[in-house]
Amino acid sequence: MNRNELRKADINLMVVFETLMQERNVTKAAEKLFLVQPTISAALNRLRALFNDPLFVRVGHRMEPTARAEMISRHLSPALDALSVALSLTHEFDPATSNMTFRIGLSDDVEFALLPPVLRTLRNEAPNIVIVVQHANYWRIPELLANGEITVGITQTRDLPANARCKRLRRVSPKVLRADLDGAPLTLDEYCARPHVQVSHTASTHGLADDWLQAVGRTRRVVLSVPQFSALPALLADTDLLVSLPDYIAEAMASSGQLRYEALPFETPELDLDMVWLSMLDSDPAESWLRQRLQALMGEGD
């Protein structure tokens, strides 16, 4: 390989190219890189001259990559990842003085229940860092990691890419949350007879509780589906609605004294809450510190 070719390259141009591959739009690429649109257009012209190829052709409102752009991207993205890691090793990370920005993907139940105490601790240990939280679920995690929109994600996971690392933070026991504070724990018949709320990011009225009930030959009645957990305290107030949800958010919502939670009245499997990141960030000092703190503050026993 002729490394003299590298003298022709401009790392900033390569970052613009990678962002255009992700966004397929000059305006969106400019916004993501905090640049103005003419700067991105000028960079694209230089890239076209460098690679002797149009690289992107307009199709409607999108810019679709050419075959050569696809080939370049397959080689370039891993190279930029490796370069980023190499540069990160040239400096130490001191949380007390750092002003870095960390981008974290959290499911909204984790954001509601587990982020507040973590944030209080991190504000004391690293008062100048910036934390940007992206909404993430198991199907978005691979895309967000690959695009660099987050460097670490915390949610239930499945079907992770081959270059992803995964560490279990805690085992999760499902609970049922209710607004009526008096009375004995629900029986299975009562659980099935009462109306339910389903939290679904896909606007579905079907959830894991339905699968578990089906295994014992029972069903429940879902009368409301909402896209996020944060509205549940207001929705459940003064009603006979039930909602099945992870133990950590049930505990957080019941702490106000307006709701109570209990175990589901039938056998349920335990679930895992995982922390995921890309293997290329294993040795990054800042990211390693962040993962260690998230594990300590969100993991089992905290």
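The expected span of a helix is taken as 1.5 Å times one less than its number of residues, and helices (H or I, at least four residues) and strands (E, at least two) are DSSP runs numbered from the N terminus. The model is predicted, so that local features need pLDDT of at least 70 and side-chain atom pairs count only at pLDDT 80 or more, while totals for chains, interfaces and linings use all residues. Residues are numbered from 1 along each chain as its sequence is written, and side-chain values use heavy atoms, without hydrogens and water.

Helix 12 (residues 285–298) has 14 residues, which should span 20 Å, in agreement with the 20 Å between its end C-alpha atoms. Its buried residues (under 20% relative accessible area, 1.4 Å probe, protein chains only) include Trp289, Leu290 and Leu294. Among the elements covering the buried residues of helix 12 are strand 3 (101–106), helix 6 (115–125) and strand 12 (271–278).

Aromatic rings of Phe, Tyr and Trp (its six-membered ring) pair if their centres lie within 6.5 Å; planes under 30 degrees apart count as stacked, over 60 as edge-to-face and the rest as tilted. The structure holds 6 such pairs. The rings of Phe17 and Phe51 form a tilted pair, with centres 6.2 Å apart and planes at 45°. This pair joins helix 1 (residues 11–23) to helix 3 (residues 37–51), its members being 34 residues apart. Phe17 is buried, with a relative accessible area of 1%. Phe93 and Trp289 are likewise tilted, with ring centres 5.2 Å apart and planes at 45°; they lie 196 residues apart, and both are buried.

Notes. Buried means under 20% relative accessible area, exposed over 50%, partly exposed in between (1.4 Å probe, protein chains only). Contact means heavy atoms within 4.5 Å.
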